[in-house]
Amino acid sequence: MYPDKFYSVVEGIRTMKIRGAGRIAREAVKALKLVSENIDLEDRDKYISILRDAAKKLVDTRPTAVSLPNGLRYVLNRVLQSYESGASVEEMKSVLVESADNFIKSSLQAIKKIGKYGAGRIEDGDIIMTHCNSQSALSVIVNAYRMGKNIRVYATETRPRFQGRITVKVLNKEGIDVTMIVDSAMRYFINKVNKVVVGADAIAANGAVVNKIGTSLLALAANEARVPFMVAAETYKFSPDTLFGKLIIIEERDYREVAPESWVNKYKHLTIRNPAFDVTPPEYIDILITEIGVFSPSVFPLVVREMFGSFYSELEPWEK
Ligand code: RI2
């Protein structure tokens, strides 16, 4: 029913071939655009129903990174508005292309702005610890370096999927000195660094940040060592559902990411748990660096609600 490329994006996000909260949002929006381009019919209702079904398939790939549903909400809500005002399929298609392109463009611009604003908080000589692989966090680090600040980085390897290796690759390409450590060495090395910068998969209405498993441990270690803990995140990482009392779902992935099945099968009484994310409470976060400015985590939800509040609704566009 859908083009092959659509299914490969769905599968790519599910298996983490396509990963990173911002990137999966952009790829999902591009996939929806592709679906729309391939719809060859005049029936308005049918068009909407195909789009909704495709969006639902994309949303269901991974439950935690809220950028994914937010990107699709951005596009679908605009298409639905034009549907409600009687637009033809052709007209809806152009609304979709325009809003998809807008989302992708502003997402990429947001990463650049975060880099610019965040770099202002990095000083010459800083040693920064980061966890996992975040385009936004890296934008801050790389920008500071490109401004001529002499910085060094400690990157965790990030078990079980080793996203830290991607971070090392990016930093190395930039010429930034990087030391990779195992995740459990975070506290051991926290006194060697003077800033922590990480990304976010979701930000809740109370200012808590959901990010790669281990982030909250890093925040605890940083808090104890009085090392400033900074989160770099686009505003579309804010979870509107949390305004309506819902909790952010923490994805638990297949145990075989942690240990091979043949080894696991040897132990009848063994259970392996593999949560992909954890929650860092706002008390442990010094600042949130976003494309609209730098905020304390308690203020940020109020700002976003003010900006986008009227746009969000409790009903999901793919379920209406
Ligand atoms: P950007 C990633 O999730 C990491 O948790 C990372 O910190 C976060 O997305 C944000 O990444 P995963 O897809 O959007 O590796 O800043 O599970 O690139």
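The shell around the ligand has 5 nonpolar, 8 polar and 5 charged residues by class (Ala, Val, Leu, Ile, Met, Phe, Trp, Tyr, Cys and Pro count as nonpolar, Asp, Glu, Lys and Arg as charged, and the others, Gly among them, as polar). The model is predicted, so local features need pLDDT of at least 70 and side-chain atom pairs pLDDT 80 or more, while totals for chains, interfaces and linings use all residues. Residues are numbered from 1 along each chain as its sequence is written, and side-chain values use heavy atoms, without hydrogens and water.

**Ligand shell**
- The ligand is surrounded by 18 residues, the closest being Arg19, Gly22, Asp201, Asn211 and Lys212 (a residue is near if one of its heavy atoms lies within 4 Å).
- Domain 1 (4–113) and domain 2 (116–308) each supply at least three shell residues, with bounds from an automatic or database domain assignment.

- A polar side-chain atom of Arg19 is 2.7 Å from a ligand oxygen atom (a polar contact here is a pair of N or O atoms within 3.5 Å).
- A polar backbone atom of Gln135 lies 2.8 Å from an oxygen atom of the ligand.
- In the side chain of Gln163, an N or O atom is 2.9 Å from an oxygen atom of the ligand.
- The protein buries 99% of the 450 Å² that the ligand exposes when taken alone (Shrake-Rupley method, 1.4 Å probe).

**Backbone**
- The peptide bond from Arg159 to Pro160 is cis, with omega near -5°.
- Met16 is a residue other than glycine with a positive phi, near 70°.

Key
A polar contact is a pair of N or O atoms within 3.5 Å; within protein, one must be able to donate a hydrogen and the other to accept it, and residues adjacent in sequence count only if both atoms are side-chain atoms.
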